[in-house]
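Biologist: Please take a close look at a single part of this model, the sheet. Show me what it is built from and what packs around it.

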Amino acid sequence: MSANLESAQGKNSKNPEDIFDPDGNGNAIVIKDLVKQFDDIVAVDGVSLEIKKGELFSLLGPNGAGKSTTINILSGLIQPTKGTAIVGGYDIRKDLNEVKKLLGVCPQEAAVYKFLTGRENKYNLEILVTKKG
Ligand SMILES: Nc1ncnc2c1ncn2[C@@H]1O[C@H](COP(=O)(O)OP(=O)(O)O)[C@@H](O)[C@H]1O
Ligand SMILES: [Mg+2]
């Protein structure tokens, strides 16, 4: 797959009415040469791909393949060692706050408390995501 990073980064062509394809090139997400290294472990080793607007895309692989690390990078929880990704036209290295406005992440494990309402769970998650310490 060839990543069309330059056109995905073109800011002038943003169409605010289409948040998933603001650059009009069909790409909702572009991942370019993404690398994540934890000490001597290379968790993500040069991943490049394009996900089109409206496409359902799955990351499949054995445990330890780097799926969660890739999602953690896309959602801004951790920084890539090399490479970058463009989400909705925004570079995760430069415009992470804009990326976070576009993304929703549903964790693998149950992440809601049954004794809280939906609104209370949402509030709890917002605190976890936005506050440090
Ligand atoms: N915070 C971390 N510190 C050190 N190694 C990590 C960390 N997170 C993940 N790894 C390692 O990176 C590799 C990829 O892990 P992960 O992205 O969780 O894989 P997957 O989600 O595909 O099972 C594994 O070898 C894992 O042990
Ligand atoms: Mg995982």
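Modeller: Two strands pair if DSSP finds at least two bridges between them. Strands (E, at least two residues) and helices (H or I, at least four) are DSSP runs, numbered from the N terminus. This is a predicted model: local features need pLDDT of at least 70, side-chain atom pairs count only at pLDDT 80 or more, and totals for chains, interfaces and linings use all residues. Residues are numbered from 1 along each chain as its sequence is written, while chains are lettered from A and ligands numbered from 1 in the order in which they are written.

Start with the layout. The sheet is open and has 4 strands, in the order β2-β1-β3-β4, with antiparallel pairing. β2 and β4 (90–91) stand at the edges. Each has a single partner strand, so one side of each lacks a neighbour in the sheet.

Now the β1–β2 pair. Strand β1 covers residues 27–38 and runs antiparallel to β2, joined to it by 9 bridges. Asn 27 stands opposite Lys 52 in β2. Ile 29 has Ile 51 of β2 as its bridge partner. The two strands form a hairpin, with 2 residues between them.

Two aspartates deserve a look. Asp 39 lies in the loop between β1 and β2. Its phi is positive, about 50 degrees, although Asp 39 is not a glycine. Asp 39 is exposed, with 5 other C-beta atoms within 10 Å. The scale counts other C-beta atoms within 10 Å of a residue's own, all placed from the backbone: 20 or more is buried, 12 or fewer is exposed, and in between is partly exposed. Asp 33 sits in strand β1 itself. Asp 33 also is not a glycine, yet has a positive phi of about 50 degrees. With 14 other C-beta atoms within 10 Å, Asp 33 is partly exposed.

Next, the core. A nonpolar core is a set of buried Ala, Val, Leu, Ile, Met, Phe, Trp, Tyr and Cys residues joined through C-beta atoms within 7 Å. The largest one here has 14 residues. Those with the most contacts inside it are Ile 29, Ile 31, Leu 34, Ala 85, Ile 86 and Val 87. β1, β2 and β3 are the elements that give two or more residues to this core. β1 gives the most, with 5 residues.

Leu 34 shows how the parts meet. Two residues are in contact if their C-beta atoms, placed from the backbone, lie within 7 Å. Leaving aside neighbours within four places in sequence, Leu 34 is in contact with Val 44, Val 47, Thr 70, Ile 73, Pro 80, Gly 83 and Ala 85.

Thr 69, Thr 70 and Ile 73 are buried in α2. They cover an arc of only 100 degrees around the axis, which puts them on the same side of α2. The arc is that of the directions from the helix axis to the C-beta atoms. The buried residues of α2 pack against β1, β2 and β3 (82–87). Just after α2, Gly 76 takes a positive phi of about 85 degrees.

Last, the ligand. The shell around ligand 1 includes Phe 38, Ile 41, Lys 67 and Thr 69; a residue is near a molecule if its C-beta atom, placed from the backbone, lies within 6 Å of it. β2 (41–52) and α2 (67–74) are the elements that give two or more residues to this shell. The largest share, 3 residues, comes from α2.
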